[in-house]
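Here is a short briefing to read alongside the model.

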Amino acid sequence: MYNDTLDYLEKIYEPDLRNLLKRCYQCGRCSGVCQLSKVQKYAPSKIIELILEGFEDRVLESGELWDCLTCNQCLKDCPEDINFADIVRIARYKMRHFANQNPDEIVAHKGIYTTISEIMSRPYITPERSLDWVPKGCKISDKGNVLYYVGCLPFFNYEFENLDSIATSTLKILCQIEKEPIVVFKEENCCGHDIYWGQGKLKTFIKLAMKNMEMFEKAGISKIVTACAECYRTFKVDYPNIFEDFNDKFDVKHVIEYIYEKWKENLIQFHNPNKKSEKIPFTYHDPCRLSRFLPKDNNIMEKVREIFKEFKDLGYDFNEMEHNQKNALCCGVSSWMNCNEKSKALRYKRMLEAKSAGDIMVTSCPKCRIHLSCLQDDFEDIASIEILDFSEFLINHIKLIKPDIKGEEKK
Amino acid sequence: MPKAKTKVIRKDFTPEILVFCCNWCSYAGADLAGVSRFQYPPNMRIIRVMCSGRVDPAFVIKALKEGADGILITGCHIGDCHYISGNEYAQERFGRLHEIIIKQLGINEKRVRLEWVSASEGKRFADLITEFTNQIKELGPLKVL
Ligand code: SF4
Ligand code: SF4
Ligand code: SF4
Ligand code: SF4
């Protein structure tokens, strides 16, 4: 049905990096704002200059580009919209395939999670994921309209605790609002995000995308809801680069957007049954994939803040961290790459900011939660901050507005 | 995608099997099997590690990715570990690997197994390899297209 991998590769790969860099006029701003440059010597503008001057081979051979966090801070501040992280993504493919480099040593957890994703890309693998986390009373199905795309959460249970509650909370919210059963796949594959950005295995990514596309079409879904920042960005932006009609066929929503819309449609309202007299200060960590990594007209960042404003009357007090929205600091381990003492320093800084902003830090990327809470085992001073996923934070604060009494409750 | 599980033992299929042996017990057991000339199928590769606790689940997952049809991890019997509790650690990690990763990937759990073989169990080592190889043969190759 679809043309084969190589045709797709053309769409997400550019053999000559210089074509993507021509507009750079070497203002050097990217090197100034680079988040990685705060903890190690790193200067994207210099790398760009070398490539433009024809020393791409040297850049690739040095392996320097494995270090980039792909946090996109440089793109956000570049006057010419040079997408350095995207260059890194393509360069990683080149480094792997043409410079024979293998970054195995710098992949966190000995590469177990990226290898799992890769295994899922194989045609002979059909995952049989656990559905133990599905809450009682929630009806799920393998065909239908609305898909909850869980992501790799069930696999993270191998080493991390309490992740099921993200999936459970999200599904509970969906079940409360939707009338029909929600589609949850037992045989769901990985979206391929880490393979795409971190590993430079673009063909594997395409295979995953094709497998997913087939599964979505077979189930007849029209809406994809996810609670993972990375899955969202991947479906929203990267899949349509491969399948032009992806966004026409499927309406991709992050659970933040989903809740926002239902709230605006007056289907739900926020409440707090256990309101305390003293307000609880909390803050929000913007995952890079939901802030700097989305098209300019996407306003998830504002939407989530609008929701949080409502919580003022519910016994909460929303505070911003010093770096927020498009300037949010990176968790440092995007795509399971480069977990080391340098990225640890970045995480520590982030946690200190969180500490001065509130008792709870809400985020909307399961992996941000994993990496940031991992640090809490090492440092006592930040251990008290409760890190919650958006769905976990909202689950006890959402109430359905009954259609008949809608008018009265609206005040 | 339908899963093509072949139950027929294919004559032409020689499974690729990876065996992790700990230095102190199972490797010596394998050695004894060799010295005593017990016969066992030749289509496996042994990797010697200092302790079964050294076998990171990532190794197993990577082997599966690279095309191994079966993986056997062997160590000293519980209580006999040269490093006191390395095998207990291996057992605990292996349980999680099985339950959370192998199973959820839809890979038949029988393809990955943990067994204890002591230095004096040469015969047992040979029998184990024979039995495991037959089991994998029965399951067929992992890569069925
Ligand atoms: S900020 Fe943009 S234009 Fe300036 S040096 Fe960096 S890439 Fe070039
Ligand atoms: S993506 Fe982030 S880490 Fe990489 S060069 Fe840009 S600012 Fe630096
Ligand atoms: S976003 Fe990451 S964790 Fe989530 S499914 Fe994709 S690759 Fe897995
Ligand atoms: S920060 Fe912690 S959880 Fe994240 S990759 Fe590093 S060790 Fe693993």
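## Two loop residues in chain B

B:Ile84 sits in the loop of chain B that runs between β3 (70-75) and α3 (86-102). Its phi is positive, about 70°, although B:Ile84 is not a glycine. Please keep in mind that this is a predicted model.

- B:Ile84 counts as exposed, because its relative accessibility is 69% and the cut-off for exposed is over 50%.
- B:Arg37 is another residue other than glycine with a positive phi, in this case near 60°.
- You will find B:Arg37 in the loop between α1 (26-35) and β2 (44-49) of chain B.
- With a relative accessible area of 70%, B:Arg37 is exposed too.

**Domains of chain A**

- Chain A splits into domain 1 (2-101), domain 2 (104-264) and domain 3 (268-399).
- Between domain 1 and domain 3 of chain A, the contact involves 15 residues from domain 1 and 17 residues from domain 3.
- The C-alpha centres of domain 1 and domain 3 of chain A are 29 Å apart.
- Together, domain 1 and domain 3 of chain A bury about 1300 Å², with 53% of that area on carbon and sulfur atoms.
- On the domain 1 side, 35% of the area buried against domain 3 of chain A comes from A:Gln35, A:Val39 and A:Leu69, more than any other three residues supply.

**The interface between chains A and B**

- About 2400 Å² is buried between chain A and chain B, 63% of it on carbon and sulfur atoms.
- Chain A brings 27 residues to the contact, and chain B brings 24 residues.
- Which three residues supply more than any others of the area that chain A buries against chain B? They are A:Lys110, A:Tyr124 and A:Tyr158, with 31% of that area.

**The shell around ligand 1**

- Residues surrounding ligand 1 include A:Cys24, A:Cys27, A:Cys30 and A:Cys78.
- Also among them are A:Tyr25, A:Gln26, A:Gly28, A:Arg29 and A:Ser45, as well as A:Ile48, A:Pro79 and A:Ile82.
- Two helices of chain A, α3 (29-33) and α4 (44-52), each give at least two residues to the shell around ligand 1.
- Sorted by class, the shell around ligand 1 holds eight nonpolar, three polar and one charged residues.

**The shell around ligand 4**

- Around ligand 4 you will see A:Ala108, A:His109, A:Phe160, A:Val333, A:Trp336, A:Cys339, A:Arg347, A:Ile370, A:His371 and A:Cys374.
- Domain 2 (104-264) and domain 3 (268-399) of chain A each provide at least three residues of the shell around ligand 4.
- Helix α18 (residues 366-375) of chain A contributes the largest share of the shell around ligand 4, three residues.
- Seven residues of the shell around ligand 4 are nonpolar, two are polar and one is charged.

**Nonpolar cores**

- The largest nonpolar core contains 158 residues, and A:Tyr148 and A:Ile259 have the most contacts inside it.
- Helix α12 (residues 202-219) of chain A gives the most to this core, namely 10 residues.
- Beyond its neighbours within four places in sequence, A:Ile259 contacts A:Ile173, A:Ile268, A:Phe270, A:Ile307, A:Phe390, A:Leu394 and A:Ile398.
- There is also a second, separate core of 15 residues, with B:Cys21, B:Met44, B:Ala126 and B:Leu128 among them.

Technical notes
Residues numbered from 1 in each chain as written. Chains lettered and ligands numbered in written order. Predicted model: local features only at pLDDT ≥ 70, side-chain atom pairs only at ≥ 80, totals over all residues. Heavy atoms only, no water. Near = heavy atom within 4 Å. Helix = DSSP H or I, 4+ residues; strand = E, 2+ residues; numbered from the N terminus. Nonpolar A, V, L, I, M, F, W, Y, C, P; charged D, E, K, R; others polar. Core = buried A, V, L, I, M, F, W, Y, C linked by side-chain atoms within 4.5 Å. Buried < 20%, exposed > 50% of the residue type's maximum accessible area, 1.4 Å probe, protein only. Contact = heavy atoms within 4.5 Å. Domains from an automatic or database assignment. Buried area = accessible area lost by both parts, 1.4 Å probe.
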